[in-house]
Amino acid sequence: MFKKVIKNIDITSPLTEEQKNMLEMSEAMPVVFDEDSPEITDEELLEFKRVSDARREERRKKTVTIRLSPAALAKAKSLGKGYTSVLSRILENALNDNEMIKKCL
């Protein structure tokens, strides 16, 4: 069995009584905010959400139809599951390479 060790602590072993006590004590400790990391207000949380939503729209992939040669399609499908994402990255890289564009025109 694979054992994962973090800082010489085997995390696959059961907790010791001392570790259990430490967890219980930490659970009872209050959260203390300081001036370097103040508590986030509801308004600030809403602002985070708006930025996240806007960026999600920017990243959302669009569905298009293209014609590929049988050889190109076979090669793409040979890449396995997720080949359309690979094709997207290949196209993006090729379109950012002026030499590649000149070669294909």
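I66 is placed in the loop between α2 (42–59) and α3 (70–77), with helices taken as DSSP runs (H or I) of at least four residues and strands as runs (E) of at least two, numbered from the N terminus. The structure is a predicted model, in which local features need pLDDT of at least 70 and side-chain atom pairs count only at pLDDT 80 or more, while totals for chains, interfaces and linings use all residues. Residues are numbered from 1 along each chain as its sequence is written, and side-chain values use heavy atoms, without hydrogens and water.

With a relative accessible area of 52%, I66 is exposed (buried, under 20%; exposed, over 50%; partly exposed, in between; 1.4 Å probe, protein chains only). Together with V64, L68, L73, L91 and L95, I66 forms a nonpolar surface patch of about 570 Å² accessible area (Shrake-Rupley method, 1.4 Å probe). Such a patch joins nonpolar side chains within 5 Å, from residues with over 30% relative accessible area and no salt bridge.

Five helices and two strands are present in the chain, in the sequence order β-β-α-α-α-α-α. Of its 105 residues, 1% count as buried. The chain exposes about 10,600 Å², of which 58% is supplied by carbon and sulfur atoms.

The structure holds one salt bridge, defined as a side-chain nitrogen of Lys or Arg within 4 Å of a carboxyl oxygen of Asp or Glu. This salt bridge pairs K20 with E17, their closest N and O atoms lying 3.7 Å apart. Both residues belong to α1 (residues 17–28) and are three residues apart, about one turn of the helix. K20 is partly exposed at 36% relative accessibility, whereas E17 is exposed at 55%.

The largest pocket contains about 460 Å³ of space. A pocket is an open set of points on a 1 Å grid where a 1.4 Å probe fits, with protein on both sides within 12 Å along at least five of seven lines; lining residues have an atom within 4 Å of a point. Its lining comprises 15 residues, with K62, V64, T84, S88 and L91 nearest the centre. Helix α4 (residues 83–95) provides the largest share of this lining, eight residues.

Conventions. Patches are made of residues with over 30% relative accessible area and no salt bridge: like charges are joined within 9 Å, nonpolar side chains (Val, Leu, Ile, Met, Phe, Trp, Tyr) within 5 Å. Grid points are joined across faces, edges and corners, and a volume is the space filled by probe spheres set on the points.
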